[in-house]
Amino acid sequence: MQTLTILGSTGSIGVSTLDVISRHPDQFQIFALAGHTQVEKLGEQCRQFSPKYAVVADENHATKLRELLGSLKIEILHGKQALIDIATASEVTGVMCAIVGAAGLPSALAAAQCGKTIYLANKETLVVSGSLFMETAKANGAKVLPIDSEHNAIFQVLPHDYSGSLKGSGIKSIILTASGGSFLHTPLNELAKITPTQAVKHPNWSMGQKISVDSSTMMNKGLELIEAHWLFNCPPENLEVVIHPQSIIHSMVRYLDGSVLAQLGNPDMRTPIAYCLGLPERIESGVGDLDFGQLSGLTFSEPDFARYPCLKLAYDAMLVGGSAPCVLNAANEIAVAAFLREQIGFTDIARVVEHCLSQSKFISGSLNSIDELLDLDSEVRQNAAKWIDSLDV
């Protein structure tokens, strides 16, 4: 039986993970749940799964959760160190890393240092600290399993003995599919008028606000390119992106013999979650069968950088390497937050990211410790916020 900690249990990935786990009570037990500030939802999860620990953001939220849980024997913790503690506890065999943003980095890295099986749904872990994280995982025998639908699809169609060599496995390139977000067909001159309410409505997936905005700008796909680079040891020139609005093909691998292998399925995150949780077996996920008779067609197109400047910025950051992806991510998080509170417009998100990337002092080279990365992350966020305050929008 696997003993799991779920970091980000109240988010969409966490909820889907617990749904899969609930279907297999004989295979999984929950050691700890972490839900930041969504105390009521976390309380419901605690009552259903009876973890040993629950973690929230601070003492105020901890007090509220204790009141909700009453006499239930669940220890309530709070703060950043508590996340690390529940990810590294000796009883834990696997950690679902589903905290959104750079906040999920320290606990994911700590889990890697302890050789845990890491179910990686936090993009920023690899974007911000790809080299450090993968080297740490390898050195400590940690297993990194990709939960993102695109990377999980690639993982499923790569050779089972894939060792990190594209050429050695007869692979020409890795192809990430993208829905194109909510504004694939919106006239370019109307993009500046897009509101947060419009941007958080993804056409296919049920996701949080920040990720939905990233999908609309295709920064999400840019971050995934950087993830794929590290996960599969794939050079940037062997990575492709294709727009596929139906979100049925989740990604593909192009082989040297002309074959292209793809993973298909309904757009539901329980599929990749169940695939990784069940390895080496396949387990039931709760996802309905893909009905080919109901598909009107599968279409594909190349992404337009004029429509998706954030994707181009991500490509550029990946090519620059070093700490550029860390800058990209931090600036984007601040820009998206400013857009969601209507401080800047939709097209200003790319402007903010481009400004921060242009500050060459931030991307002078690779950073080799978590403290250095978090210091850079903080500095870029301050720079981005200051620049946003100076904009006339």
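Let me start with a term: buried means under 20% relative accessible area, exposed means over 50%, and partly exposed is in between. Keep that in mind. The structure above is a predicted model.

First, salt bridges. The count comes to 18. I'll walk through three of them.

Start with E124 and K210. Their side chains meet in a salt bridge, at 3.6 Å from N to O. Where do E124 and K210 lie? E124 is in helix α6, residues 123-140, and K210 is in helix α9, residues 209-217. These parts are 86 residues apart in sequence, so the pair ties them together.

Next, R254 and E240. Here the N to O distance is 3.0 Å, again a salt bridge between side chains. R254 belongs to strand β10, residues 249-255, and E240 to strand β9, residues 239-243. So this pair ties together parts that are 14 residues apart in sequence. Is E240 buried or partly exposed? Its relative accessible area is 27%, so E240 is partly exposed. R254 has 27% relative accessibility, and counts as partly exposed.

Now D348 and R351. Their closest N and O atoms are 2.8 Å apart, in a salt bridge. Both sit in helix α14, residues 348-357. They are three residues apart there, so about one helical turn separates them. D348 has a relative accessible area of 8%, so D348 is buried. R351, at 38%, counts as partly exposed.

Some salt bridges join into a network. Which residues does that network link? They are K123, D148, E150, K221, E224 and E227.

On to the nonpolar side chains. In soluble globular proteins, nonpolar side chains tend to be buried together. In this model, the largest nonpolar core has 92 residues. Which residues have the most contacts inside that core? They are L7, F133, F232, L328, I344 and I349. Helix α13, residues 324-340, gives the largest share of this core, with 11 residues.

Look at L7 on the structure. Leave aside its neighbours within four places in sequence. L7 is then in contact with A34, L83, I86, A87, V95, M96, C97, A98, I99 and S107.

There is also a second, separate core. It has 33 residues, including I30, L33, Y119 and L145.

To recap: 18 salt bridges, a largest nonpolar core of 92 residues, and a second, separate core of 33.

Terms used: Residues are numbered from 1 along each chain as its sequence is written. This is a predicted model: local features need pLDDT of at least 70, side-chain atom pairs count only at pLDDT 80 or more; totals for chains, interfaces and linings use all residues. Side-chain values use heavy atoms; hydrogens and water are left out. A salt bridge is a side-chain nitrogen of Lys or Arg within 4 Å of a carboxyl oxygen of Asp or Glu. Helices (H or I, at least four residues) and strands (E, at least two) are DSSP runs, numbered from the N terminus. Buried means under 20% relative accessible area, exposed over 50%, partly exposed in between (1.4 Å probe, protein chains only). A nonpolar core is a set of buried Ala, Val, Leu, Ile, Met, Phe, Trp, Tyr and Cys residues joined through side-chain atoms within 4.5 Å. Contact means heavy atoms within 4.5 Å.
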